[in-house]
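I opened this model to see how its parts are laid out. These are my notes, in the order I looked things up.

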Amino acid sequence: METETSEHILDTIRRVWGYDSLRPMQARAIEAGLDGRDCLTVLPTGGGKSLCYQVPPLISGRTTVVISPLIALMRDQVRALELNDYPAAAVHSGLDAGGAREIFARLRAGALRLLLVAPERAVTDGFCSTLAVLTDAGALNSIAVDEAHCISQWGHDFRPEYRRLAELRRVAPGVAMQAFTATATPRVRVDIVEQLSLRDPEILVGTFDRPNLTYRVRARHKPEEQIGEAIGRMNARGGGGVIVYCLSRAGTEGLADKLRGLGHNAEAYHAGLDPRRRHRVEERFTNETLDVVVATVAFGMGIDRSNVRLVVHANVPKSVEAYQQETGRAGRDGLPAECLLLYAPSDAGKWEQLIRRSAEEGHADEAATRAQLELVRQMRRLVTSMQCRHRALSEHFGQAYENESCGACDVCLGETEAEPDSRRVTQILMSAVARVDQRFGAGHVIDVVRGRDTEKVTRFGHDRLQLFGLLESKRKTALVGYVDQLVAAGALEQDPEFGTLRFGPRGVGAMKGEIEIKLARPIGTGSKKAERRRGKGPAPAPTDLIPEDLALFEKLRSLVRDIAVERGLPPYMIFTHRTLVDMIQKRPATLDDMRLITGVGEAKLEAFGEAFLRALHEE
Ligand code: ADP
Ligand code: ZN
């Protein structure tokens, strides 16, 4: 059912952006923006939040003020909008007085649809009085708060200056406030609504699943070779950007060296580099003259490159939230991309150590420490439980996953190996938990079934249990994974505070062998043969390009790069890979056909249409 408004909205997005449809939550967020209703929109990275606040002022003919925390992103957004002839500007500390004056003149003349401003600037007296004047004149569409989780201490990027944004309510009474974030936790959501004093807000939460991402988890043996292979897979499908996340600065440098040794153009990036060099890496990555960046998590916030095709975690990240956010940088253009996580069983232990040490040094109180340890445990479970990764991620964020199999993760693609002895292993582990009175953690239970006579085992007399040593032949890492899988299956529960194992709702059934839980060998603990099969792996998610088209794709890409250099803009701003793929598949013959290509609005059609028609059809 399409209302009149939505037809109006569709016309606008076709004309300005060249998009043919809206994503589910976008339509409702835009309508809230047009109705002057407070709203909180939660969409994952790449979900299309910006369109939600860019469209309403274009239709209402008024101005929306956007609070945005990063100058780099503000600038990028303005430049991208200008390419579509969309009147937007950003005021920030990098601007000289003349520049700022000009922007305010355009604002007062009603010539701007979007004004981006940093939070600390938004609450200054000067800006507030401008805001008040615009409000009185009825010239404001709404106030949009981007990255709204920055207002919450429970978010991952708290910024105290966000706390003052509620003051804007007083300055602009009656003007709707719209908040946007990718952070899904309910606590942060509640905090945003309260802190911004949103009035009866519409809360829109999009799906967190990213169907175009293929998730893979692999045992880490030779990271540079494993990453090199994944880059090879990617290059065979047209190439793109690669981000490799490491835990430490030294780790980034070492891995970047090794990748260069294998012939990849790779650079390290971390907070310890001098700012000029850091900036240069960011710039080259954005301009696509550099494809592989090996970085600490310091890299990413200001990076908007839409054709990142591979995100690698060389170590297990510290939480599922962090993992989702970091992998979220892959495939923002909606085309297939891969997320590869390299895992060693010691990774989680390292995090636990770090967290405990930080607590001992008095940096975190007991509750916060416990919460962080639980986050690490959840992440470890995601890695070791052989459940569809798309399903596990969706469920982690409180959303049901409808598909039986995703076709885009190592588990569903059959790249993991079943434990042939599932029932027996389950029964022994469950009995062991029962025999030690459900009072010990996984490490001890595993010592018992593997027949290790540690001091603790002897002290409690657990070496005299009948099942002592029954699973002697199993590797410790495999058993750690099985315990996690039993927790995930509801047979066991793990105390979030002490890590003690006790029976879950399916525990008794599993122990008696009435409930069968299919255990899978955790990555890296299976047979050599399976390892080799995994190494090759099938092609990731269905690619949109057939091999014969790769040459043409390369040609269009280099045309995009030429235009980008000429204009001093990053290539993806000219056209995304999705647009290029669409051109190749539809082969438009005329400028009129070109209108039907996604991402080609009126302004870009006029500026670049001819050149791309020529490139598509000349030999
Ligand atoms: P977010 O801010 O939520 O991370 P963006 O607003 O940057 O996401 O959008 C991500 C990508 O999706 C951009 O390349 C954008 O142009 C594209 N996009 C957004 N909405 C649509 C749509 N309705 N149709 C096609 N592409 C879209
Ligand atoms: Zn799956």
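I began with the metal site. The model is a predicted one, and in it the site of the zinc ion (ligand 2) is tetrahedral, with angles of 104 to 120° among its four donor atoms. For four tetrahedral donors the ideal angle is 109.5 degrees.

Next I looked up which atoms coordinate the zinc ion (ligand 2). They are the SG atoms of C388, C406, C409 and C412, at 2.2 to 2.4 Å.

I then turned to the domains. The domain assignment lists domain 1 (4-205), domain 2 (213-414), domain 3 (417-522) and domain 4 (547-617). I took domain 1 and domain 2 as my pair, and their centres, taken over C-alpha atoms, are 30 Å apart. In the contact I found 11 residues from domain 1 and nine residues from domain 2.

How much area do domain 1 and domain 2 bury between them? I noted about 930 Å², with 61% of it on carbon and sulfur atoms. On the side of domain 1 that touches domain 2, I sorted the residues into four nonpolar, four polar and three charged.

Last, I checked for specific pairs across this interface. The rule finds zero salt bridges between domain 1 and domain 2.

Note on methods: Residues are numbered from 1 along each chain as its sequence is written. Chains are lettered from A and ligands numbered from 1 in the order in which they are written. This is a predicted model: local features need pLDDT of at least 70, side-chain atom pairs count only at pLDDT 80 or more; totals for chains, interfaces and linings use all residues. Side-chain values use heavy atoms; hydrogens and water are left out. Domain bounds come from an automatic or database domain assignment. Contact means heavy atoms within 4.5 Å. Buried area is the accessible area (1.4 Å probe) that two parts lose on being put together, summed over both. A salt bridge is a side-chain nitrogen of Lys or Arg within 4 Å of a carboxyl oxygen of Asp or Glu. Ala, Val, Leu, Ile, Met, Phe, Trp, Tyr, Cys and Pro count as nonpolar, Asp, Glu, Lys and Arg as charged, and the others, Gly among them, as polar. Donors are N, O and S atoms within 2.8 Å of the metal (3.2 Å for Na, K and Ca); water is not among the atoms, so sites may look incomplete. Four donors count as tetrahedral if all angles lie between 85 and 135 degrees; four count as square planar and six as octahedral if opposite donors are over 155 degrees apart and all others between 65 and 115; anything else is irregular.
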